[in-house]
Amino acid sequence: MGFITVKNLTKEFRHTKRQEGLIGSITYLFSRNYSLIRAVDNISFEIAEGEVVGYIGRNGAGKSTTIKMLTGILVPTSGKLEVNGIVPHKKRMQNARNIGVVFGQRTQLRWDIPVIETFRLLRDLYEIPKNIYKDNVNLFTEILELEGLLSTPVRKLSLGQRMKCDLAASFLHNPKIVYLDEPTIGLDIVVKESVRKFIKTLNKEQNTTIILTTHDLDDIEDICLRTIAIDKGKIVFDGSIQEIIARFGKYKVLIFEVKELEIMQTDKLPKCMEILEVEAHYLKIRINQEEISSSQAIRYIMNTFDVQDISIEETSIESIVRRLYQEGWDAQS
């Protein structure tokens, strides 16, 4: 059994259907119709202690609902859920002592007092031994460069400064599991690097299990060895970033500079060559490598047009996942 075990987990929400207009409002007072929305649909996975897992999906896919069940905020409709041997919604206090949570758009820091005062409140709340508290504050200050920020009221911090302090606060009590929801959203490159370094260091030194939900695929590539993707409430992928590229990265973009290009000529291109852009001296196509190889496509274009230059766009994980979000995982598998 894993450190985190999820088996056939389902969460449904009851949605009220309301008719428009005056008649609808009156009818709503006496009779209401409901529909069930299945936000998470019979998902299963296990996560080992010390793993760093990326949990990705488009907006509304079921990511946040899953995290809320793991943290004990929501009660599952059905299925099994255990986190470090605890059923989160049944033992919320015990579960809360073992976890840390960071939401990119929210803060747990007290707005009008210096950061260090919030740290001291958390020390007392979690009953952190003085030596551990001191060691952690010193370590976090060094890695995240918090010196000079700890005595500053939170309302005077920039977004990046606040996020670094929020991260430190979440790891302060040595939680066994930390849930990070968009921890680098809106941050500049320098702060992002600092945040990623901190997460990797704490995972390595304290063996903290980390679940990261994000739309920034650079975070996933840099931090996570494993990625779980959810779409329409169902798990559609569970593996490494390299597996995503191998499984879904079958498309390649080829760019040609040509001496002269008549738009009418492009109508004769095979269906396996999808035209992305076309101009008088420029042609950009996308090919499915399961249907035609890059060399075959290049040879065909060179035999058809007077090609001056060729370039191939590298397939990035971000471009793959963006396409999967747009067209659906089933359409690409």
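Asn-8 lies in strand β1 (residues 4–17), where strands (E, at least two residues) and helices (H or I, at least four) are DSSP runs numbered from the N terminus. The model is predicted, so that local features need pLDDT of at least 70 and side-chain atom pairs count only at pLDDT 80 or more, whereas totals for chains, interfaces and linings use all residues. Residues are numbered from 1 along each chain as its sequence is written, and side-chain values use heavy atoms, with hydrogens and water left out.

The phi angle of Asn-8 is near 50°, a positive value in a residue other than glycine. Most residues other than glycine have a negative phi. Asn-42, in strand β2 (residues 33–47), also has a positive phi, near 60°. Asn-8 has a relative accessible area of 36% and is therefore partly exposed, a class that lies between buried (under 20%) and exposed (over 50%), with a 1.4 Å probe and protein chains only. Asn-42 is partly exposed because its relative accessible area is 43%.

Strand β10 (residues 251–258) is mostly covered, with six of its eight residues buried. It pairs with two strands, pairing being defined by at least two DSSP bridges. Seven bridges join β10 to the antiparallel strand β12 (residues 282–288); here Ile-255 has Lys-284 as its bridge partner. Six bridges link β10 to strand β13 (residues 307–313), again in the antiparallel sense, and Val-258 is partnered there by Val-307.

A nonpolar core is a set of buried Ala, Val, Leu, Ile, Met, Phe, Trp, Tyr and Cys residues joined through side-chain atoms within 4.5 Å. The largest has 47 residues, and those with the most contacts inside it include Phe-119, Phe-140 and Leu-172. Helix α6 (residues 159–171) supplies the largest share of this core, six residues. Leu-172 touches Phe-119, Leu-122, Ile-128, Tyr-133, Asn-136, Val-137 and Phe-140, not counting residues up to four places away in sequence; contact means heavy atoms within 4.5 Å. A second, separate core of 23 residues includes Val-53, Leu-70, Ile-99 and Ile-228.

Met-302 belongs to helix α10 (residues 294–304) and counts as partly exposed because its relative accessibility is 46%.
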